[in-house]
Amino acid sequence: QSKLKLGQKLNEGKTKQIFELVDEPGYVLVQSKDQITAGNAVRKDQMEGKAAIANKTTSCVFKLLQDAGFKTAFVRQHSETAFVASRCEMIPIEWVCRRIATGSFLKRNPGVKEGYRFTPLKMEMFFKDDANNDPQWSEEQLLAAGFELAGLTIGRCEVDIMSKSTVAIFEVLEKAWATQDCTLVDMKIEFGVNVTTKEIVLADVIDNDSWRLWPAGDRSQQKDKQVYRDLKEVTPEAMQMVKRNFEWVAERVKLLLESQAKGRVVVLMGSTSDVAHCEKIRKACGSYGIPCHLRVTSAHKGPDETLRIKAEYEGDGIPTIFVAVAGRSNGLGPVMSGNTAYPVINCPPITPDWGAQDIWSSLRMPSGLGCSTVLSPEAAAQFAAQILGLNDHLVWLKLRASMLNTWISLKQADKKLQECSL
């Protein structure tokens with residue numbers, strides 16, 4: 001690991017310090033501390049090794065979110081106890097997202113039973129103010145505060161982006177933890193404004209202090225910081241138990257980056273004249289991390305070969321989605337669909353001359369055939385990704401992040417347009 005030249009200390013919190021980087025303007029080093037606190041640091045203890053555990057956890061979580069396509073401040077893990085991030089001006093709000101009612105929510109909402117499930121997710125925000133115990137805020141209060149950070153005023157558009165992003169980030173981490181049979185109960189995150197790009201990004205850290213995690217959905221097995229908050233008294237034995245829980249999470253979190261199920265897309269084209277169309281499908285599959293094979297076969301002219309290729313991909317146990325690309329009369333999709341239990345998607349290249357008539361050979365099928373027809377090559381790949389995403393959380397994460405990013409870009413385009421016309 002390279003030696004970084006640290007500039008001045010920009011900030012120090014209960015569990016970390018932030019230093020500017022002399023040789024990398026616009027970036028900072030986030031250095032974790034071996035300290036654990038609860039109740040606004042009313043209780044605080046040294047926990048040897050906590051900095052390394054927290055840093056490992058946060059680096060894995062941010063890598064997972066970044067690979068999925070979320071905008072974050074995280075750049076790279078630098079050492080056992082520190083990571084490099086884009087320099088941000090922090091928005092002083094903790095965004096809390098809840099799937100299950102527990103903890104402070106029950107105190108603030110008497111009568112709600114522990115374990116009540118929020119669908120859709122419950123979003124709350126708290127203003128970071130230690131002196132007043134981080135009071136809960138409404139959206140109206142946040143808008144009225146009119147924060148200005150790194151030259152960006154936090155208005156309606158920015159609040160909506162953070163609110164939508166919090167839900168998406170929660171859903172993605174919930175999906176990832178479910179692969180380890182862990183229930184993500186609730187979590188808190190913070191956003192900052194990147195001083196270079198002026199964008200709102202997920203910032204700060206996400207580690208075992210940030211969430212409640214219940215293995216097998218069982219509260220008595222909780223692995224998060226709540227265990228420390230609940231201690232009657234802090235003894236060396238108790239601290240060892242807390243540390244073991246934190247280590248358990250740091251080990252498990254690495255597994256979230258691994259795919260549970262490998263699937264693939266096999267594109268069958270009737271002739272090489274359709275290669276350009278098929279390459280678009282392959283490229284879009286690549287953006288979801290899905291392997292895509294291109295083959296040439298004609299169900300009209302070589303049905304035996306078409307069925308042999310089909311058998312080749314059915315025989316190795318990898319979940320496969322076939323995409324049939326055939327112009328003019330599409331025999332490929334229907335023949336495949338009638339002979340395999342795997343999903344088949346028709347994606348015919350439509351020509352200007354007979355396209356309107358040709359399309360019927362993909363739409364009107366004999367009975368007993370279940371293939372769908374999707375005209376855009378990118379959309380065919382997306383549909384395949386949605387099918388594979390049912391069992392592969394890494395594909396699902398990319399779909400979910402992409403949905404959020406599309407929504408954000410519409411929101412920002414609208415804001416720009418309003419500013420121009422004002």
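In which sense, left-handed or right-handed, does α1 cross α6? In this predicted model, α1 passes α6 in a left-handed crossing, and the geometry behind that description can be followed step by step. Two packed helices are described by the angle between their axes and the distance between the axes. For helix α1, which covers residues 50–68, and helix α6, which covers residues 236–255, the angle is about 30° and the axes lie 9 Å apart. Because angles under 35 degrees count as roughly parallel, α1 is roughly parallel to α6.

The residues that bring these two helices together can be picked out on both sides: α1 contributes K50, I53, K56, T57, C60 and V61, while α6 contributes K243, F246, E247, V249, A250, E251, V253 and K254. Sorted by class, this contact of α1 with α6 comprises seven nonpolar residues, six charged residues and one polar residue.

Elsewhere in the model, five strands build an open sheet whose order is β18-β17-β19-β20-β21, with parallel pairing. The edges of this sheet are formed by β18, at residues 292–296, and by β21, at residues 372–373, each of which pairs on one side only.

Technical notes
Residues are numbered from 1 along each chain as its sequence is written. This is a predicted model: local features need pLDDT of at least 70, side-chain atom pairs count only at pLDDT 80 or more; totals for chains, interfaces and linings use all residues. Side-chain values use heavy atoms; hydrogens and water are left out. Axes are lines fitted to C-alpha atoms, for helices over the stretch in contact, and angles run from 0 to 180 degrees between N-to-C directions. Helices (H or I, at least four residues) and strands (E, at least two) are DSSP runs, numbered from the N terminus. Angles under 35 degrees count as roughly parallel, over 145 as roughly antiparallel, 65 to 115 as roughly perpendicular and the rest as oblique. A crossing is left-handed if the near helix is turned anticlockwise from the far one by less than a right angle, and right-handed if clockwise. Contact means heavy atoms within 4.5 Å. Ala, Val, Leu, Ile, Met, Phe, Trp, Tyr, Cys and Pro count as nonpolar, Asp, Glu, Lys and Arg as charged, and the others, Gly among them, as polar. Two strands pair if DSSP finds at least two bridges between them.
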